[in-house]
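Here is a brisk report on one structure. Keep the sequence and the 3D view open as you read.

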Amino acid sequence: QVQLVESGGGLVQAGGSLRLSCAASGRTFSRWTMGWFRQAPGKEREFVSAISRSADNTYYADSVKGRFTVSRDNAKNTVYLQMNSLKPDDTAVYYCAADTLPSVSGSYNFPGAYDYWGQGTQVTVSS
C-alpha cells in the first residue's frame, strides 16, 4: 500500500515562498512519476507540476512556470515543490500524487493517470 503525506503548507503574503514536501511509502518510489495538483474552493482539481522517475523531465502548468520548481530525492522517497513569488490565485489545497505505472498511463497532467493521492495541504496567499 502506498501512502503519501504532504507537508509545508501555510499562510504567506503575496510575493512570499513556501516549500511543499511529499513523503511516500513504498520500495519502488524511484519508478514513479510524481505530480502536484491543486484545488481551490469551487474549482476543479488542476495540474500544477510533475517530475519523471529519474527527474530527467519536469512539467509545469503555464500559471506556475518560472515561479515553481519541482524536485525529488529518491533516496528519501520525497518529492518537493518550491513555490516562489506566490500570488493570491495560488491559494488552494495542494495534493501530491503518484503514478506507479507511468509507462501505462502515458500522461502527467491528467488526474486519472495517478493512482495514489495524499491528503492535501492548504496553501493560503494573502494580498
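Leucine 20 stands opposite leucine 81 in strand 8. Strands here are DSSP runs of type E with at least two residues, and helices are H or I runs of at least four, both numbered from the N terminus. This is a predicted model, in which local features need pLDDT of at least 70 and side-chain atom pairs count only at pLDDT 80 or more, while totals for chains, interfaces and linings use all residues. Residues are numbered from 1 along each chain as its sequence is written, and side-chain values use heavy atoms, with hydrogens and water left out.

Strand 3 pairs with strand 8 in the antiparallel sense, over six bridges. Two strands pair if DSSP finds at least two bridges between them. Strand 1 (residues 4–7) and strand 3 (residues 18–24) are also antiparallel, with four bridges. Leucine 4 has alanine 24 of strand 3 as its bridge partner. Serine 7 is bridged to serine 21 in strand 3.

## Covered and uncovered

Strand 3 is largely enclosed by the rest of the structure, because five of its seven residues are buried. Buried means under 20% relative accessible area, exposed over 50%, and partly exposed in between (1.4 Å probe, protein chains only).

## The disulfide

How many disulfides does the structure hold? There is one. Cysteine 22 and cysteine 96 form the link, with sulfur atoms 1.9 Å apart. The cut-off for a disulfide is a pair of cysteine sulfur atoms within 2.5 Å. Distant parts of the chain are joined: cysteine 22 is in strand 3 and cysteine 96 in strand 9 (residues 92–99), 74 residues apart.

The link is right-handed, with 45° about the S-S bond. Both cysteine 22 and cysteine 96 are buried.

## Two contrasting residues

Glutamine 1 sits in the segment before strand 1. Its relative accessibility is 81%, so glutamine 1 counts as exposed. Not counting residues up to four places away in sequence, glutamine 1 touches Ser25 and Tyr116. Contact means heavy atoms within 4.5 Å. Glutamine 1 and alanine 61 are 60 residues apart in sequence, and their C-alpha atoms are 29 Å apart.

Aspartate 90 lies in the loop between strand 8 (78–83) and strand 9. Is aspartate 90 buried or exposed? Aspartate 90 is buried, because its relative accessible area is 2%. Neighbours within four places in sequence aside, its contacts are Arg38, Arg67, Phe68, Ser85, Val123 and Val125.

## The largest pocket

The largest pocket has a volume of about 160 Å³. Of its 11 lining residues, Thr33, Ser52, Tyr59, Pro102 and Tyr108 are the closest to its centre. A pocket is an open set of points on a 1 Å grid over the protein atoms alone, where a 1.4 Å probe fits, with protein on both sides within 12 Å along at least five of seven lines; lining residues have an atom within 4 Å of a point.

Helix 1 (residues 102–105) gives the largest share of the lining, three residues. By class, the lining has three nonpolar, six polar and two charged residues. Ala, Val, Leu, Ile, Met, Phe, Trp, Tyr, Cys and Pro count as nonpolar, Asp, Glu, Lys and Arg as charged, and the others, Gly among them, as polar.

Definitions and conventions: Grid points are joined across faces, edges and corners, and a volume is the space filled by probe spheres set on the points.
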